[in-house]
Amino acid sequence: MTVIAYIALIVGTSMERLYELRISKRNAAAAFERGGREYGQKHFPWMVALHTGLLIACVVEVIVADRPFLLWLGIPMLVITLLCQAARYWIINSLGAQWNTRVIVVPGAGRVQNRGPYKLTWLPHPNYLVVAIEGIALPLVHTAWVTAIVFTVLNAVLLLAFRIPTENRALRELTP
């Protein structure tokens, strides 16, 4: 019974990600219409594959490895996962039309620094922190610990070696 509920959680998360992609596509089209320039096109497919793989691996590991649902672990991880979803939308709403799954800079748009988590100057990339936490919590809702570890390591490599440096270079264009 818990496996079915977990699969429903993963399907719901997948549907939410598809909705995010719709928002991203709309924002990207608007950015390109305003002269936006995209960065990091080479690493983006790897990010898509990793995030898709996370959702698939969560289900596969739970079924194939017969992972149990441990109440003491599953409930806190579910709460953290849901809090991460709320934080994602806080970030999306804070960035407004500038939010995107891709790195697109619109000349003259200005960097968001006065809304939501972007007021926290000590946390330059709050979305990536949320993704990292969610990448641990979502698999651990049903003790898919291998998925949590593998995603965390691969996500760290992509973020630290490619995505964050790319985004930092792009954001420097917004600085007057």
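**Exercises on helix packing**

Helices α1 and α2 are roughly antiparallel to each other, an angle over 145 degrees being counted as such. The model is predicted, with local features requiring pLDDT of at least 70 and side-chain atom pairs pLDDT 80 or more, while totals for chains, interfaces and linings use all residues. Residues are numbered from 1 along each chain as its sequence is written, and side-chain values use heavy atoms, without hydrogens and water.

**Exercise 1.** Determine at what angle α1 and α2 pack, and which residues meet.

*Solution.* Step 1: α1 (residues 2–33) and α2 (residues 44–64) pack at about 175°, with axes 10 Å apart. Step 2: with contact taken as heavy atoms within 4.5 Å, the α1 residues, including Tyr 6, Ile 10 and Arg 17, meet α2 residues, among them Leu 55, Val 59 and Ile 63. Step 3: the residues of this contact divide into nine nonpolar, two polar and one charged.

**Exercise 2.** Describe the packing of α3 with α4.

*Solution.* Step 1: α3 (residues 71–95) and α4 (residues 126–140) pack at about 155°, with axes 8 Å apart. Step 2: this pair is therefore roughly antiparallel. Step 3: Met 77, Cys 84 and Ile 91 are among the α3 residues that meet α4, where the partners include Val 130, Glu 134 and Leu 138.

**Exercise 3.** Decide whether Asn 155 is buried or exposed.

*Solution.* Step 1: Asn 155 lies in α5 (residues 145–172). Step 2: its relative accessibility is 4%, so Asn 155 counts as buried, the cut-off being under 20% relative accessible area with a 1.4 Å probe, protein chains only. Step 3: leaving aside residues up to four places away in sequence, Asn 155 touches Leu 50, His 51, Val 131 and Ala 132.

Key:
Axes fitted to C-alpha atoms, helices over the stretch in contact; angles between N-to-C directions. Helix = DSSP H or I, 4+ residues; strand = E, 2+ residues; numbered from the N terminus. Parallel < 35°, antiparallel > 145°, perpendicular 65-115°, else oblique. Buried < 20%, exposed > 50% of the residue type's maximum accessible area, 1.4 Å probe, protein only. Nonpolar A, V, L, I, M, F, W, Y, C, P; charged D, E, K, R; others polar.
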